[in-house]
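These are my notebook entries on one structure. I wrote down what I looked up, entry by entry.

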Amino acid sequence: VMSMIRAAGRAGDVPKALELLRQLELREKQIDTTTYNCALEACVAGDDHRSADTLLQQMVKVGHVDVVSYNTYMKLLLQGHLHDEVHKTLQDMRKQGIPPNVVTYNSIIKEAAARDITSAWKIAEEMQREGVQPDAYTASILGAGLRRQPSKAGLDRVLALTSQLQPDEVLVNCLLDICIRLKDRQRLRY
């Protein structure tokens, strides 16, 4: 049934995905969180905010919600640039005892960096205050933001962040590009 829900989601047929979930709920005593998340992903793929919101509330009510559920839901919010909703959802996660993880923050940072690198850095700082450690993808997102708004101070911040990480090829190339744009190749030391 999960594969059918996924197929409906890929086809953008949110009503079918939700109907399959309802049928499964009637037949099975216990549906796992993964199945609910699959239906939630179908709502997101279909850009159906109302259905996604209703389903997430139902998932919370029946106790089948996890960080993947919230990350999936936030994908829809971020696509719609619904920043207030994103912050409300972060609060809801915490109320449910589900702390945001690096994927949660990276999604938010990526959307913010596309608009304004300063906002992206504020979210990265919040992430660290919350005890979530940035990863190479976090640094790559922030580095990509510097490509649009290069600055030596910004490069220093990304380099400081990467000093605690094992950089991947994407991150190294991004940092090299920033150094070249700033004509400051000497600061990149690996």
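Which residues are exposed on the other side of H2? I found Pro 15, Leu 26 and Arg 27 there; exposed means over 50% relative accessible area, buried under 20%, and partly exposed in between, with a 1.4 Å probe and protein chains only.

Entry on the source. I am reading a predicted model, where local features need pLDDT of at least 70, side-chain atom pairs count only at pLDDT 80 or more, and totals for chains, interfaces and linings use all residues. Residues are numbered from 1 along each chain as its sequence is written, and side-chain values use heavy atoms, with hydrogens and water left out.

Entry on H2. I checked the length of helix H2 (residues 14–27): its 14 residues should span 20 Å at 1.5 Å a residue, and the end C-alpha atoms are 20 Å apart, which agrees. The expected span is 1.5 Å times one less than the number of residues. Helices here are DSSP runs (H or I, at least four residues), numbered from the N terminus.

I then listed the buried residues of H2: Val 14, Ala 17, Leu 18, Leu 20, Leu 21 and Leu 24. Down the axis of H2 they fall within an arc of 155°, so they line one face of the helix. The arc is taken from the directions from the helix axis to the C-beta atoms. Their cover includes helix H1 (2–10), helix H3 (33–45) and helix H4 (49–62).

At the start of H2, I noted a side-chain oxygen of Asp 13 within 3.1 Å of the backbone nitrogen of Lys 16.

Entry on Ser 51. I located Ser 51 in helix H4. Ser 51 counts as buried because its relative accessibility is 18%. Leaving out residues up to four places away in sequence, Ser 51 touches Val 14, Leu 18 and Cys 43; contact means heavy atoms within 4.5 Å. The C-alpha atoms of Ser 51 and Leu 18 are separated by 8.6 Å, with the two residues 33 apart along the chain.

Note on methods: Helix = DSSP H or I, 4+ residues; strand = E, 2+ residues; numbered from the N terminus. Polar contact = N/O pair within 3.5 Å; in protein donor to acceptor, adjacent residues only side chain to side chain.
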